[in-house]
Amino acid sequence: MDFNDTPDEAAFRSEVSQWLMQNAPEFTITADTKEQEFVAKAKAWQAKKAEAGYAGIRLPKDVGGRAGSEMESILFDTEEGKYELPLGPVVGIGQSMAIPVIRKHGTEDQLKRFAEPTLKGDITWCQLFSEPAAGSDLAGLRTKAVKDGDEWVVNGQKVWSSWAHHADWGILLARTDPTVAKHKGLTFFLIDMKSPGIDIRPIRQISGESDFNETFMTDVRIPDKYRIGEVGEGWACAMTVLTSERLSSAELKESESVDYLIELAAQTPGDRGTALDNDCVRERLAYWYSLEQGQKNFHLRMLTKLSQGSGPGAEASLLKLVYAQRLQQSAGFGMEIQGLSGLATSPSDHAAEEMQKTYIWSTAMRVAGGADEVLLNQIAERVLGMPGEMRGDKNIPFNELA
Amino acid sequence: MNFDLSDDQKMLAEQANKLLAEVSTPDRLRQLIDEKADYDQVLWQNLAELGFLGAAIPEEFGGIGMSAMELAVVAEEVGRYNAAIPFVSSVVQAAKIIELAGTQKQKETWLPRIASGEIIATLSTHEGAGDMQSPPLPQCRLDSNGLSGKKLPVADGHYAHLAVVTCQHQGKLALALVDLTQDGIQKTQLSSFDELRPFAQLSFDQTPAELLELDDCDSQQALYKTLNYAAAIIALEQIGGTETCLYMARDYSLERQIFGRKLGSYQAIKHKLAQVYVKLEIARSNAMYATWCLANNASDTGEAIAVSRLSALDAFETAARENLQVHGGIGYTFEANCHFYYRRERLLAGLLGGKSLWSDKLINAVKAA
């Protein structure tokens, strides 16, 4: 066990940190950066990274990657995280979802067509999986794709598509055969988001923002050459996407950390001096701090496993489970210790505002990318080897389900 | 970065596991309880012969000279099999504090005998109730007439050969080294909640004792370091126990039929055990990091140990309770194995202080960083 960099890691880290020092500052953003500017900067930063060979560090060279190690990728992300850069789904979906699925299930031509432009930020992506009636039970989706000559005709409604209004292409999961059991009748497509028949409507979220969209598709035509994998292979493709999503760890925002909350408590008046002088406050903060550290240390263990060549299994589910639950609890508590000022903020009160935002956002985190309950089932079944749930839809053709 | 045990450490774990699985069986534990044995002498002898007792004692004092990480690896196996041995008292706490605070001569005299298992030593800090980070100056006093006063509860105190006792000396906290085999020490065995880890009350009356004093060594510092060290090692003992509880509950839930299906097929049970698994892995990750910090003198060692202690307390507490719960009525019987861990969990929580105390320590450490 050794938490220090190996000589190779140290050399790579220093190379990266120098490159970032020279190049990152002109791309940084602030809380006031407008959406259009954010997207433009995100693409430009992606292009800059691609040019220097830092985009797609783990991807092979023939698709424009660096063919680097898992550890190099982590080191780059860590150093990159020290700057306020325009990262996130607008460029992230392409790299962490689209390219991996095309690489694993697609053809050479498809990879050639999409990998490099995606790495350079020329093509951005959105994910068209969830539907109003298919969330945790994703395979119950209803969007239909019907073959018509060399094309597929798509009809249906998708939801929770992050940044779809800025995306050039989408990764789409659709039903191509309703007469077989639901997991078996799905096929995976790449869809040009500028195609006629696509209507994107922003969702008014409880946060007041509109990061997510509903995407309606009416007779949208997709050429067969943009089908990924075989007809009926869609579920396997979707699993590839979801697996690569599981370990891509979003860098924690400073205001989400327990450190931030400890500092806030130390500055908030309480009955015995500050809020942090109250032992009940200390005990709760200490508990969340231990969870946060545990999540970080567990993540490092998973990365070690990856770098040794054994991919993380279902146990990696616990990362988001621990993070999202802790986030909701600690942010709610952060509001509480501030008393009424945690609820009614003056314009200069950034800390209280951050707590409120986090408290709202944590609800999405507990659902997105595997709801708490789904993740617990995954751990119970795949890690502990306990029985699967009793199901009412097993081996029943989709069109015969109630 | 590499967050995994080395091959040597894995081999060590395997050896310890093999021995403990063979000797420290549940039936053996039941036998020890029925016989009111002080500890499992057979197991202790075996561990001594394989060198495990001296794992972390420096080579110049008769040990193997390995780091805290290797000792932690052994502690995990001790916890897994709920071993009835004075491992923490003798090998972890007493050996460490003598190493930290003893003179060259004191170390030469005692450490080799602890390493070989020839003597059993213990560390005695308590004088009655209270779970405190900064207890008041002990009542027990060492002066030119010897050591006088009462200590309780003292782990393994009625049969240990040697004790390091916190006391006051010239108005300051001091550490006294007492040979417990001498006459004139009144020893009363207490009724111990964990029947496999006995405690005693020791009364000294002008008992000959010597100060444990390395030049310039601050007793408070030595004690603080020893208890932190013990917390890091015991975290692995707690994790070993947690893992046993988790899989004992899982196995039982797959055997037991209820309403025409396996108990383990109910989501209430699946989620319960998945949550124990999460706590286990969080605790393990934190404990591995803390022992690494300890072995490498990292700057955040104090914080890492407090984090590790808190998660280990949380994991074992939940696992021990829910394991018995999943077993239902059978869990309440002496024949089932749940109760060993249900009791041991409380013991390990009480031994170095519970969540309130360590939460406080952690917040102090974070603020100081």
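Modeller: Helix 7 of chain A and helix 9 of chain A are roughly parallel to each other (angles under 35 degrees count as roughly parallel, over 145 as roughly antiparallel, 65 to 115 as roughly perpendicular and the rest as oblique). The model is predicted: local features need pLDDT of at least 70 and side-chain atom pairs count only at pLDDT 80 or more, whereas totals for chains, interfaces and linings use all residues. Residues are numbered from 1 along each chain as its sequence is written, with chains lettered from A and ligands numbered from 1 in the order in which they are written.

Colleague: At what angle do helix 7 and helix 9 of chain A pack, and how far apart are their axes?

Modeller: Two packed helices are described by the angle between their axes and the distance between the axes. Here helix 7 (residues 258-267) and helix 9 (residues 317-337) of chain A pack at about 10°, with axes 10 Å apart. Helix 7 of chain A contributes Val258(A), Leu261(A), Leu264(A) and Ala265(A) to the contact, and helix 9 of chain A contributes Ser330(A), Gly334(A) and Ile337(A). Two residues are in contact if their C-beta atoms, placed from the backbone, lie within 7 Å. By class, the residues of this contact are five nonpolar, two polar and no charged (Ala, Val, Leu, Ile, Met, Phe, Trp, Tyr, Cys and Pro count as nonpolar, Asp, Glu, Lys and Arg as charged, and the others, Gly among them, as polar).

Colleague: How many residues of chain A are in contact with chain B?

Modeller: On chain A there are 38 such residues, in contact with 35 residues of chain B. Helix 7, helix 8 (279-307), helix 9 and helix 11 (372-383) of chain A each supply at least two residues of that side. The largest share, 16 residues, comes from helix 8 of chain A. This side of chain A comprises 22 nonpolar, six polar and 10 charged residues.

Note on methods
Axes fitted to C-alpha atoms, helices over the stretch in contact; angles between N-to-C directions. Helix = DSSP H or I, 4+ residues; strand = E, 2+ residues; numbered from the N terminus.
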